[in-house]
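Reader: I would like to learn how to read a model of this kind, one feature at a time. Could you take me through it slowly?

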Amino acid sequence: MIRPSIVLVALLAVIALLPLAGDAYALRLGTIACMYGIFALSWNIVGGFLGYPSFATAAFFGFGAYTTGVLMTLGASLPLALLATLVASLVGASVLGAVLLRLRGHYFAIASLSLVEVLREVVNNATDLTGGGMGLNIPLASNASILGDAIFYFYAMWIALALTAAMVVAVSASKLGFGLACIRQNETAANMVGLNTTLYKSIAFGLSACFVGVAGGIYAVWVHYIDPSDVFDILYSVKPIVMSLMGGLGSPVGVVCGALVYLGLEEVVWRNYIQIHSGLLGLLVVLLLLFLPHGLVSLRGRLFRRGTGHA
Amino acid sequence: MPEILTLAGVSRRFSGLQALRDVNLKIAGGEIVGLIGPNGAGKTTLVNTVCGVTPASAGTVTFAGRDITRLKPYQAARLGLARTFQIVQPFAEFSALDNVATAALFSRPGQSLKVARENARQHLAFVGLDGQADQPAATLTLAMRKRLELAKALAMSPKILFLDEVNAGLNSAEVEKATALIRQLAAGGLTIVMIEHLMKVVLNVCTRIVVLHNGELIADGAPRNVVRNPAVIDAYLGQQYAQRHAGHG
């Protein structure tokens, strides 16, 4: 467990150096990279450790964006709004998790997907609070220059990513992580040895939501304007799954690498093949998953074996 | 010995099927009860009902003076009701050691993984799997996985142990090994309820036999009396068995 977390720390440190080299464009990409990293790491708790195929990421993201947005229009400061978002996402998702995670497999996937739709409709119809389909304008959090703004939001997202990574590594080394692995392998047996599976699943769902909610909050303040179809975009649910599969299911380092590679592919393809970018990206993802089914982390094992194979 | 487990009027219905019908049963501490009956008689359902997997539709289950009818499986497990599964249920990716450690870890509050693993090693040694401690459970043979189930159940420090066909699918040498383990546990004073089809094992080990048929308790008593009971011969043992064993005792 020690070595992969050192790799993860090194990776995060390298990302943190980005403002030294970057212009506002690089910083924008870096901020999205951190956001995708949070998505993938958080999804990995439920999808990787627990083995439940969750499509709820967009629901957490949109919930976080609107919670922070509404609180700030009501006059809360940014740190306070983000903290409240963290707590609200954690508690809300834990309660929902206790109910939703009674379903398994495809049924759970559909239920988590419908959570996105339900929240979108709720926000759409709570016009007084959220502005409904008109969207929500969020007050500026700083009056810095364009570059200063970019650096501020980059670091805000980076800190959220670092906290997510620390949380995920702590979970994977803890009794909680051990219990989640038990549930993934055999939920019936886990129950029979005295593991409170409902409690563990509900905590896992809460933890997978809280930092995605914070990322949504930072995103909302960063772009100043959100509307339901933007932040409750189902692609936010699908992308972390693709990233985790590309990086290596269950491995924190793997899924962060997966997030970075996915963002790289997305950006390169979008810039060079704007007409056919989504088709081409899909094709690349399919090829990667076909030829690297255990993700990028499996490359390390392969290279290692090749190195010592003939000894 | 006072009663440790009492079933009073326990019934369980699965929509159209009455799996258990008004079962009354009292088990005293230290008893080794053989639970027999034809396939579909409700033996496993009885164990599931006591352990909280499929709660009783009617009636009450009392364990050590406490009503446990509505408890969840994990709560029953923490009270000291342990069971093995007819179809083995290992954590396939975990090593044999970690499989047993789960039981030690989650069955009591405040355990650390390190202590649980040390604890698990003893139980693995007891069932003779110490050589396979680091092997993933998926790579063990069926006989080993059955013994792993037993070690897992024992790591929960149970007060009562339910064994659901621990000998099914084993060859005779393996059955003998497993039977020796059960005898050893019984000698230690553990209360055991075993579902078993091998009459040789039942007669060898059990102090009492309970017979289920179509969800109803049709016989309950000392092994020698139960195997001569016409209703039991009719429902389960068969005339051939009765004739073959008529000469004995």
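Reader: What is the mean pLDDT of chain B, and what share of its residues reach 70 or more?

Author: Where pLDDT is low, the predicted coordinates should not be read in detail. This is a predicted model, and in chain B the mean pLDDT is 92, with 98% of the residues at 70 or more. For the model, the scores are ipTM 0.86 and pTM 0.89.

Reader: How many helices and strands does the secondary structure of chain B come to?

Author: The secondary structure of chain B consists of ten helices and ten strands. Among the contacts that link residues at least 6 apart in the sequence of chain B, 63% join residues at least 24 apart.

Reader: What radius of gyration does chain B have, and what would a compact globule have?

Author: A compact globule of 249 residues would have a radius of gyration near 18 Å, and because chain B has 18 Å, the two agree. Along the principal axes, the C-alpha atoms of chain B fill a box of roughly 55 × 40 × 35 Å, and 46% of the 249 residues in this chain count as buried.

Reader: How many residues does the contact take from chain B and from chain A?

Author: Chain B gives 18 residues to the contact and chain A gives 15 residues. On the side of chain B that touches chain A, the elements giving two or more residues are helix H2 (73-79) and helix H3 (96-106) of chain B. The residues of that side of chain B divide into eleven nonpolar, three polar and four charged.

Note on methods
Residues numbered from 1 in each chain as written. Chains lettered and ligands numbered in written order. Predicted model: local features only at pLDDT ≥ 70, side-chain atom pairs only at ≥ 80, totals over all residues. Contact = placed C-beta atoms within 7 Å. Helix = DSSP H or I, 4+ residues; strand = E, 2+ residues; numbered from the N terminus. Nonpolar A, V, L, I, M, F, W, Y, C, P; charged D, E, K, R; others polar. pLDDT = per-residue confidence, 0-100. Rg over C-alpha atoms; globule rule 2.2 N^0.38 Å. Buried ≥ 20, exposed ≤ 12 C-beta atoms within 10 Å, placed from the backbone.
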